[in-house]
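Dear colleague,

Please find the sequence and structure below. My findings follow directly after them.

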Amino acid sequence: MNLAELVAKHRIVISAGSGGVGKTTVAASVALWGAIQGRRTVVITIDPARRLASSMGLDALGSEVSEIPASLLAGQGIEARGTLAALMLDQKGAWDALVERHAPADARERILKNRFYQHLSQAFAGSHEYMAIEQLCLLAESGEWDLIVVDTPPTRHALDFLEAPRRLDDFLDRSVIRWFVKPYFSAGWAALQAVNRTASFILRRLEQATGVGALAEISDFFSSMSGLFENFHTRVARAYEVLRGPETAFVLVTSPEEQVLGDAEYLCSKMEELAMPLKGVVFNRVHREMARKTRRGSVHEVDAGDFVQIAGAIGRALTGEPRVARELAQNFLDYEVLARGEQLRMEQFQVGLTDEVPVVRVPNFPRDVHDLQALARMHAHLFAAA
Amino acid sequence: MIQRKLHFVLGKGGVGKTTMAAAMATLFARRGRRTLAIEMDAAGRLPGMLGSSGAAPTPKAVGPNLSVLSLDGRTALEEYLGLVIPVKRVLTTIFSSRVYQYFVAAAPGLKELMTVGKIWYEATREEDGRPRWDAIVVDAPATGHGLQYLSMPQVAHDTFGAGLVQREAGRVAALLRDPAVTAVHLVTLGEDMPVTETLETHAKLTGELKLPAGRVIVNRVHARRFAPELVARVRESAASAPGKQGELLEAVADRATEESGWAEINAEQLERLRNALTTDALVEVPFLYAEEFGSHELDQIARTLEPTLEVRTSGTGRRVRRGATE
């Protein structure tokens, strides 16, 4: 199978991997491909940096789906039979939207003003990721899209992304919430003292130590939001169904650098554990080794020992420029060294993959990929016939 | 700059943030300063890069003048509570209680706050009447998250009610803002999006967060530029040369084009940084053409950083690249 077939066969494509490897770009390029192929496509990014917006030629994205006008695509010489839209999640906005969607009308204002809520929505690790999954589910269920491409946050956060629903579910474990919602919390310490000496002691110590004199507020938060958390468990289960479903394909995007590949290995093993296996691999920013391009069986690795010979050959082509000839030879050899290291690491990485997983290599373009045309140029490498 | 005590290294993922932190720590240690390298991620790569195997939950010596420490928010919080509640039995009760388990989860930002608090503790710790460390280098989490950490003391100070946390948060925030003590370095690449992000981060850092900015380190800078007409001549000869020779010349031309292309992009982006960041010294770290990244490469980077950290804060964009005279 090649990547084109993989994308064609799935409705949801999730690009995962470390930061700085072009994950956002690959996600955007895949989405553009989908639109060109005639699918109604939307790309979601939850990376807090507003990188996708610039890749898509948009100045800013909000937490609403925004269509990229056909005229903009046509203006760049891209003919799309389908449509392309993008959604960049604003973490705070997503929480607010969730509250507005699920909380009872009379509690909304109270929740949004709650200091604890404001804290939670801004800083609670994983909440951000959860919101993205929630959005993904909404889009998947809307039936309006033929292809949904998701750009995940960098590796370690990518794991947060995948585990967020479960963790949030644990956190919101109903028995615990009930604990917080108990009236003595709102009533304050005096009431609590009467109920349970130990609990009171611990809580007071914690409050003194941390200064979070906000237990009543926390309690109020959970009371106000109890409606919101009612069907939370069901929604989390649904989210995992979508992530693990046959319609979903996780594609790893990585560069062949050693540290990045190390992170990628870790991510892969974690994803296996979560029963969300990889279905494709994109090696991005690859340097090709020249010797490997020669006929099979005659693989000759060029090394520093060949310097004089290579510089001589270039010198004959550039008579009168011996210094440049030597610099060109050195530059060539330097890139061979780089390419060899990458080649070895990619081969090693591929050993662990099954044959059904398509692997593509996108060369290290000497240009920034940040406009639609550049995204389209990637297609030749991403979707070349295997 | 090199005399400051607390160095935070920030940058988005994949730009070589950990590498820069390791190089900086190596450099300080070599200069005879008792140095602690801290990673804010219990499973990071910093200890490995400095030659230690596995995470270091307490400061662990990895070489002359050099120790490494892996911080984890939860442990930091427990340690902190250990300091303010010195009765072990009570502590054990607290840690094992469900209330605590959920209290930690329910107080977002607390872990971040405690992590930064732990750094503060190490920065101010004394032993035998003198500071335990001369220099601390922190490999912070990727940009967005890293900023969240650095702003947490101030946020906590403003949000939490009067109490120990508020007092301590105020103290930590003051230390982080002291330009005689702290420097926040940004690592980036000479490409469009990383530079855009760096400029945004820098503005936020010096504006809203009022933190002392250190150097902006541009990693993996390509600097060779080959005249297009010469490359074209090589390509022409490639077309007429026989078999292998032609292939070789073709590849030589390809590599030259690739290198020149990157050099051009890098130069353009460096110019953007230079124009936007008037008071900050820009540091360029050359691209390393290595098969594998090892201690030799780390050393090379440390040597590149050394002169640039000596420069006074007010200096403008000191160039590292040899012979660069743009």
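In chain A, Thr41(A) has Leu84(A) of β4(A) as its bridge partner. The model is predicted: local features need pLDDT of at least 70 and side-chain atom pairs count only at pLDDT 80 or more, while totals for chains, interfaces and linings use all residues. Residues are numbered from 1 along each chain as its sequence is written, and chains are lettered from A and ligands numbered from 1 in the order in which they are written.

Strands β2 (residues 40-45) and β4 (residues 83-88) of chain A run parallel, paired over six bridges; pairing requires at least two DSSP bridges, and strands (E, at least two residues) and helices (H or I, at least four) are DSSP runs numbered from the N terminus. Both belong to an open, mixed sheet of eight strands, ordered β3-β4-β2-β5-β1-β6-β7-β8 (chain A). Because β3 (66-67) and β8 (359-363) of chain A each have a single partner strand, one side of each is left without a neighbour in the sheet.

Helix α16 (residues 258-273) of chain A lies across β1, β6 and β7 of chain A, at about 160° to β6(A) (axes are lines fitted to C-alpha atoms, for helices over the stretch in contact; angles run from 0 to 180 degrees between N-to-C directions).

In chain B, Ala37(B) contacts, beyond its neighbours within four places in sequence, residues including Ala21(B), Leu46(B) and Val137(B); contact means C-beta atoms, placed from the backbone, within 7 Å.

Yours sincerely

Conventions:
Two residues are in contact if their C-beta atoms, placed from the backbone, lie within 7 Å.
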